[in-house]
Amino acid sequence: MSSIFDRKVFDEIEEAQTKWNEELDRIFSSKPERLKRFSTVSDREIKRIYTPKDVGSQDFMNDLGFPGQYPFTRGVQPSMYRGRLWTMRMFAGLGSATDTNRRFHLLVKEGQTGLSTAFDMPTLMGYDTDSPKARGECGKCGVAIDNLKDMEDLFDGLPIDKITTSMTINPPASVIWAMYIAMAEKRGIDRRVIGGTIQNDMLKEFIAQKTFMCPPKPSVRVITDTVEFGTNNVPRWNTISISGYHIREAGSTAVQELAFTIADGIAYTQEAIDRGLDVDDFAPRFSFFFNSHLDFFEEIAKFRAARRMWARIMKERFKAKDPRSWWLRFHTQTAGCSLTAQQPYNNVIRTALQALAAVMGGTQSLHTNSLDEVLAIPTEEAATIALRTQQIIAEESGVANTIDPLGGSYFVESLTNQMEEEAFDIINKIDDMGGMLTAIEKNYPQQEIADSAYHYQRQVDQKEKTVVGVNKYATDEEIPVDMLEIDEELEKLQIEKNNRVKSERDATSVKECLEKVGEACVGTQNVMEPLIEAVKAYATLQEICDVFRAVFGEYRDPGIY
Amino acid sequence: MGKKRHIRVMVAKPGLDGHDRGARIIARAYRDAGFEVVYSGLHQTPEEIVEAAIQEDVDMIGLSSLAGAHNYLFPRTIELLREKGADDIDVCGGGIIPDEDILKLKEEGIKEIFTPGTSLDDIVSWVKANVKTR
């Protein structure tokens, strides 16, 4: 294949561009450019203009091609949004299972097409509400789940055989998933029918989000158990949502988000292959989760580069043959860390721009942050505005009329190429260290992210980067927003509920089930069946996670900064 | 001898909240400002934080909380310092803390609360002006 532009055209462009640049230099010599240096939010320098010269080596069929065709730069499905819009999936979770169930019903009624569950901190860390470590945390940043009864209440009356459910859960992902499967089966819905996603990505927890329980190696072992179990038993489930979102929120650059996320994906793929699974049996159920941050074009380029990189890695490195294994399907959430507590209504605009970038980057599903998310869990009103933002983009703006609308933009194609190249450099470095597990043990990604976060904060403090309403256009005026509060009484009620469930279950059966979980952990048996049995016997989340902690040990934060 | 020692600060993450971007940036800014910094790492109980602060002989504890449990964790830290007779250690806080909670927390003995958008220089200046080496 050859380049789109021939040599003669190139020379003409080069000549014209040189002249144009000289002209600009003349203009700017009397009145300088608006900024000394133009750069993205990730501090990537951006040129005055991009021309065919910047994408000269690009080969249309090999590097871009058509949507639904390798290397999928322009989209994973051939039809993209001409066929079906992205899934509008708003992350929700607050207070008790009953409270969150009410929010789910509201979102479904307002036109949301998939569920997404946020859990509270004790649940995320594998503790019951009555743990001394959980004091003051119940229901604060998500829903509290102690046992199967809570899971039953959470999805009560929701059509889980028709709607897919995403659950943002990591260290105890296997247990929460077991509860979901058990809940479905109690309602007479087969495990082969249910669809959804568990985040289940521990590598990015050690790197960025920092909810952890057991050390990296056994954590990855349990994840591989879920991959194996899902492949054989729950075919419509996405077993890992390989996540860059939290890496970015922790302060990484766009390229670091891209590189570390894909390196995590490589690690999970290798583990599953080492377990003896065929790559084409499990890889189609891996999904991804990215951040959509402030810098519009850089984000679009990131999504496009991610698709192309994953396709190349799966095909060339892991020799996957099924095109579905080459697909990088991803969920996007707008950047929580970009929202400001000051002048909070500005957050609606930020979120709209970020959502637009995600759509123009070809996301499969999207969560748009609410304007008050920087202050507390969203109110119903704020969550509805965020959902309406997606609906306006989808049905009013016209951006979903054509596929990959920025494909062929000299700027976006050039950024896509650059980001792919830089991300592969980082991935090579991680490979040289011996893979992501070793890199994490050496604190490599953690330190890189900390450096980027500090660099950005310094730029904001020195006003090199603008944050509207904070370091520029700030006002002293207080702008009130309604805020949702979680009743402190909830903790007591939740503990009472858990105690009631514990007093009504068969204690002998719970003990036996927990022993079987322990035996699976110690040995090599897949943990999932014993987990499903244990949650059906109403063993609590913490009782099960305590078995994990006893067998595998606990991970402590190395506390680097 | 006789030379005044540097301000010694503990940056601490109480509770289960894993959002440590802010805490780690603050720790770095303190270090760059010439303070001696102890960072607790994540997932510490108030008991663990107070014990470490006394052992490390710090002048101030900076608590960071972004997941809503500050109304329990911050006052509990103050209470434990009092119990141990170490309430000459100043405590300030930072993170996602609603305005009405700030008033209550200050009444409980938290010296200052820094919310999102505060510049690092402002925080460092506040510490220099208000925290005395013990």
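Predicted model: local features only at pLDDT ≥ 70, side-chain atom pairs only at ≥ 80, totals over all residues.
Okay, a definition before anything else: when I say helix, I mean a DSSP run of H or I with at least four residues, numbered from the N terminus. With that in hand, A:Phe296 belongs to helix H13 of chain A, which covers residues 296-317.

Is A:Phe296 buried, exposed or partly exposed? The cut-off for buried is 20 or more other C-beta atoms within 10 Å. A:Phe296 has 19 of them within 10 Å, so A:Phe296 goes down as partly exposed. If you skip its neighbours within four places in sequence, A:Phe296 touches A:Leu353 and A:Ala357. As for A:Thr253, it is 43 residues away from A:Phe296 along the chain, and the two C-alpha atoms sit 14 Å apart.

H13(A) and H15(A) have axes that come within 8 Å and cross at roughly 30°. Angles under 35 degrees count as roughly parallel, so H13(A) is roughly parallel to H15(A). The crossing of H13(A) and H15(A) is right-handed. Who makes the contact? On the H13(A) side we have A:Phe296, A:Glu299 and A:Ile300, and on the H15(A) side A:Leu353, A:Ala357 and A:Met360. By class, that contact is 5 nonpolar, no polar and 1 charged.

Now, H15(A), residues 346-360, has another partner, helix H16 of chain A, residues 380-395. Their axes come within 10 Å and cross at roughly 45°, so H15(A) and H16(A) end up oblique to each other. This crossing, too, is right-handed. From H15(A) you get A:Val348, A:Thr351, A:Ala352, A:Ala355, A:Leu356 and A:Val359, meeting A:Ile385, A:Ala386, A:Thr389, A:Gln390 and A:Ile393 of H16(A). If you look at the spacing, remember that an α-helix has 3.6 residues a turn, so residues three or four places apart point the same way. The class count for H15(A) with H16(A) is 8 nonpolar, 3 polar and no charged.

H21(A) brings A:Cys513, A:Leu514, A:Lys516, A:Val517 and A:Ala520, while H22(A) brings A:Pro530, A:Leu531, A:Glu533 and A:Ala534. The tally is 7 nonpolar, no polar and 2 charged.

The contact draws 33 residues from chain A and 30 residues from chain B. Which helices of chain A supply at least two residues each to the side that touches chain B? Those are H5 (121-125) and H19 (444-461). The largest share of that side, 5 residues, is from H19(A). By class, the chain A side has 17 nonpolar, 8 polar and 8 charged residues.

Most residues other than glycine have a negative phi, and most peptide bonds are trans. A:Asp404 is not a glycine, yet its phi is positive, about 50°. A:Asp404 sits in the loop between H16 and H17 (410-433) of chain A, and counts as buried because 20 other C-beta atoms lie within 10 Å. Over in chain B, B:His43 also has a positive phi, about 65°, without being a glycine. You'll find B:His43 in the loop between strand S2 (36-39) and helix H2 (46-55), and with 23 C-beta neighbours inside 10 Å, B:His43 is buried. Last one: the peptide bond joining A:Tyr70 and A:Pro71 is cis, with omega about 0°. A:Pro71 lies in the loop between H2 (60-64) and H3 (80-83) of chain A.

That's my tour, thanks.

Conventions:
Residues numbered from 1 in each chain as written. Chains lettered and ligands numbered in written order. Contact = placed C-beta atoms within 7 Å. Nonpolar A, V, L, I, M, F, W, Y, C, P; charged D, E, K, R; others polar. Buried ≥ 20, exposed ≤ 12 C-beta atoms within 10 Å, placed from the backbone. Axes fitted to C-alpha atoms, helices over the stretch in contact; angles between N-to-C directions. Parallel < 35°, antiparallel > 145°, perpendicular 65-115°, else oblique. Left-handed = near helix turned anticlockwise from the far one by under 90°.
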